[in-house]
Amino acid sequence: MEHDISFLVGLKNNLEYSKFFYENVRKLYPFVEVVFVSYGSTDGTNEWLDSLQDPFLKYYHHNESKTLSDTYNKATEISTKKFVCFLHNDMVVGEKFLNNLSENLSENDINFYKVIEPPIFTGDFRDWKLTKDFGDDIHTFDFQKFFDFENEYISGINSSNTPTEHTSFFLCVKRSVLLEIGGLDNLFNPMFCEDDDLIIRLKLLGLKTVQLHTALIYHFVSKTSRFSDEYKSKTEAIEHKSQRNFIRKWGSKNNATIPIKYDVGIVLRKGNIDQLYQLEPLAKTVYVDFLYDDYIKNEQTQTKFDLKERIKPLTKIQNHDVMIFVDGKAFNGKTLNSILNLSLLIKENKKSYLNPNIFIKSFLKIVKPYRPLIFFNQPERIEKSLIFKNMEI
């Protein structure tokens with residue numbers, strides 16, 4: 001049966017798992033297009049790719065290390081099928097995975113296949129995930145039990161696909177749509193949050209999220225990323241960095257909803273570096289009355305955003321659609337929470353616009369000085385401006 005789907009797999013060392021994945025895909029699906037991309041592998045992965053004699057394999061490798069986004073963007077570029085399916089090399093595909101994926105996907109939407117994982121992350125109940133233990137690595141994996149479970153599970157399914165609000169990296173979507181919007185954003189370096197960012201952008205483009213219930217894969221969980229020898233001691237710091245960059249881009253924390261973003265300026269008076277650290281990701285520009293060179297020096301390495309444009313002295317205040325004035329002397333968790341809930345405040349506010357200049361002199365005399373003064377007048381939403389990105393490969 002002809003399938004118009006490419007399997008995209010990013011590689012970074014972990015050759016044993018890459019070989020295991022490839023061999024098992026080829027046993028089940030000799031003719032499916034598999035696309036491997038390896039950036040920065042040093043364990044023989046690139047040499048192994050060069051040795052493969054497979055007319056249905058597309059691959060690319062380079063000695064330079066790049067982000068997960070760069071890896072899958074390159075795979076998208078060199079793939080040739082109508083649809084691309086994001087996979088990892090620490091996975092085992094089900095016997096019926098490809099047929100059910102191909103037959104049941106929603107052509108113009110974002111399709112999530114079903115992922116079965118051992119009980120590593122418990123209490124995580126989402127439509128795309130099942131917890132079932134068929135082995136926690138390639139040496140303990142029980143193929144027959146997995147395939148038996150696949151048949152049993154599929155036989156009990158009433159609907160092959162349903163709408164879902166849950167999201168995942170493990171998706172299948174039109175290749176042309178990914179190319180149109182510029183693929184994954186390599187702002188997230190080396191990984192984490194790029195999938196949530198992508199799905200937001202696809203939703204803003206008009207795509208809906210669909211859960212496929214009969215396309216099953218087993219996932220050993222993060223053998224080439226979170227739990228690999230290269231990243232296991234760095235995971236927490238990488239996640240923190242990516243989450244801060246997500247907030248810089250979208251103006252709010254990462255969650256399942258489409259964010260609402262405005263042009264925000266924050267004026268921080270009598271503040272400090274710690275407060276700047278908390279506020280800077282939340283605004284287009286933060287204006288301060290203290291020295292901040294050290295902050296830029298330390299933080300610029302953590303982001304592609306130009307922090308010299310995001311932090312300026314009070315003498316260079318410009319008007320923004322939303323102006324927020326913060327008293328550093330009274331700053332606390334409530335102050336920050338008010339700003340984090342900015343979109344809700346704007347949605348619910350019924351009062352007339354007030355000129356912030358009226359309040360400057362009496363700023364410290366308000367009854368609850370921890371509250372930021374927030375001024376806006378029908379601010380323009382700008383999140384749709386973030387849909388498209390030049391693909392950097």
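Predicted model: local features only at pLDDT ≥ 70, side-chain atom pairs only at ≥ 80, totals over all residues.
Local features need pLDDT of at least 70 and side-chain atom pairs count only at pLDDT 80 or more, while totals for chains, interfaces and linings use all residues. Residues are numbered from 1 along each chain as its sequence is written, and side-chain values use heavy atoms, with hydrogens and water left out.

The protein has 13 helices and 15 strands. Helices (H or I, at least four residues) and strands (E, at least two) are DSSP runs, numbered from the N terminus. Of the 393 residues, 54% are buried. Buried means under 20% relative accessible area, exposed over 50%, and partly exposed in between (1.4 Å probe, protein chains only).

The structure holds 16 salt bridges. A salt bridge is a side-chain nitrogen of Lys or Arg within 4 Å of a carboxyl oxygen of Asp or Glu. Asp197 pairs with Arg201 (3.2 Å, N to O). These two residues are four apart in helix α7 (residues 194-205), so about one helical turn separates them. Asp197 also pairs with Lys249 (2.8 Å, N to O). This second pair links distant parts of the chain, as Lys249 lies in helix α8 (residues 235-250), 52 residues from Asp197 in helix α7. Both Lys249 and Asp197 are buried. Arg201 is buried too, at 0% relative accessible area.

Thr209 lies in strand β10 (residues 209-219). Thr209 counts as buried because its relative accessibility is 7%. A polar atom of the Thr209 side chain lies 2.4 Å from the backbone oxygen of Thr164.

How values were computed. Polar contact = N/O pair within 3.5 Å; in protein donor to acceptor, adjacent residues only side chain to side chain.
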